[in-house]
Amino acid sequence: MSTTPFKKIALVGGGGAVGKAILEALLATGTTEVIVLTRPDSTTSFPAHSNLKVERVDPTDINAVSVVLKKHGIEVLVSTVGPAATASQHALVDAAKQAGVRLFVPSEFGMTTEGVKDAPRVAAKAEVSRYAKSIGLPTLRVYNGALAEFIPMLGSVQRGTFLVLDPPEGHGAPLPFSITSLADMGGFVAHVLTTLTPARLQDTTLRIEGDRMTFPDLANLYSRIKSVPVEHVSDLPTDVGTDDFRVWRKYLLEETNAGRSRVTWDPVQGRDLGVEALANGLWEGHKWKTAEEAIRDGQ
């Protein structure tokens, strides 16, 4: 097996927030050839760069994607598709396997999904990696907790206040959860893909975080920086999106309060693995952004 770090990487979902962060970080290495796969009807534009090529292809067309991956000798396929397209990653897995890709990075970039069965959106993510393993395609899963730039969405600040869902009586005080900035997430993914050996990354889970705090503490921090009032509620108001969206948001907030949104939480074992499980140290010398820094940078 080669000990040379990967040099040819394909990216799906490069127009989204997560995809853009990873794309920018990969191009910043100056040594990596990146191929962005985008739908034929997409209007998303990408920066001109000597190490970047854009291929228009239907990501659900297994044979067409496989042809593109083979054409460019792609070693790693990174997916950053949104929740609505999670299941479509099975086609990407099949195409990657068919094309001889050596590593698939599924669209995780959030809370731990391994072993979660009570939340369809989370379980669907876990199923992608399970499927890849079943056909012999190695995966790299990256968990980073909540992305700092999505804090306004988590707090539903569009309503004019920062909503805090208080735990039910008798459930104890809220526990800390993991927060990571988009730049740190993207930079870490690019760093490990382009500096570590393939053997170190295959069938591996890496957990990172830039900061850790309780949701009420985060709300107070955001309020202090952005001058947005904090509103404590026992249930989410009916004006927080659709019924399905409220159910999903409530699940996330309940998991956050219970400490299960820490990236070191292991649903399979039902316990926290401790800070020793963090992979931050793989990016030697890097200064990770705190939640406060990320919020202020977003002003």
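A nonpolar core is a set of buried Ala, Val, Leu, Ile, Met, Phe, Trp, Tyr and Cys residues joined through side-chain atoms within 4.5 Å. Buried here means under 20% relative accessible area, exposed means over 50%, and partly exposed is in between, with a 1.4 Å probe and protein chains only.

Hello everyone, and keep that definition in mind, as we will come back to it. What you see is a predicted model, in which local features need pLDDT of at least 70, side-chain atom pairs count only at pLDDT 80 or more, and totals for chains, interfaces and linings use all residues. Residues are numbered from 1 along each chain as its sequence is written, and side-chain values use heavy atoms, with hydrogens and water left out.

Let's begin with the domains. The domain assignment, which is automatic or from a database, gives domain 1 as 8–143 + 182–207 and domain 2 as 147–179 + 210–264 + 283–297. Taken over C-alpha atoms, the centres of domain 1 and domain 2 are separated by 27 Å. Where they meet, 19 residues of domain 1 are in contact with 17 residues of domain 2; contact means heavy atoms within 4.5 Å.

Next, the first of our sheets. A few words on terms: helices (H or I, at least four residues) and strands (E, at least two) are DSSP runs, numbered from the N terminus. Two strands pair if DSSP finds at least two bridges between them.

In what order do the 5 strands of the open sheet with parallel pairing stand? The order is β3-β2-β1-β4-β5. At the edges are β3 and β5, each with a single partner strand, so one side of each has no neighbour in the sheet. On average, neighbouring strands of this sheet are turned by 20° against each other, direction ignored.

Let's walk through it from β2. Strand β2 runs parallel to β1, and 5 bridges join them; V12, for instance, has L37 in β2 as its bridge partner. With β3 (residues 52–56), β2 also pairs in the parallel sense over 5 bridges, and here V34 stands opposite L52. Of the 6 residues in β2, 5 are buried, so the strand is mostly covered. Moving to the other neighbour of β1, β4 pairs with β1 in the parallel sense over 4 bridges, and A10 has L77 of β4 as its bridge partner.

Now for the helices here. Together, β1, α1 and β2 make a right-handed β-α-β unit: with the strands pointing away from you, the path from the first strand over the helix to the second runs clockwise. Helix α2 (residues 62–71) lies across β1, β2, β3 and β4, and runs at about 165° to β2. For such angles, axes are lines fitted to C-alpha atoms, for helices over the stretch in contact, and the values run from 0 to 180 degrees between N-to-C directions.

On to the other sheet. This open sheet has 3 strands in the order β7-β9-β11, with mixed pairing. Its edge strands are β7 (146–147) and β11 (211–213), each pairing on one side only. Strand β9 (residues 177–180) pairs with β11 in the antiparallel sense over 3 bridges, and I179 has D211 in β11 as its bridge partner. Helix α8 (residues 215–226) packs on the sheet, touching β9 and β11, with its direction at about 110° to that of β11.

Back to our opening definition. Which residues have the most contacts inside the largest nonpolar core? They are L140, M185, F188, L193 and L201, in a core of 36 residues. Among the elements that each supply at least two residues of this core are β1 (8–12), α1 (17–28), β2 (33–38) and α6 (182–195). Domain 1 and domain 2 each give at least three residues to this core. Not counting residues up to four places away in sequence, L201 touches F6, L103, T139, L140, V192, L193, L196 and L206. Apart from this core lies another, of 26 residues, including A146, F215, A294 and I295.

Finally, two loop residues. Beyond its neighbours within four places in sequence, N144 is in contact with residues including F109, S178, M185 and V263. E108 sits in the loop between β5 and α4 (120–134) and is buried too, with a relative accessible area of 3%. Setting aside neighbours within four places in sequence, the contacts of E108 include K125, R141 and Y143.
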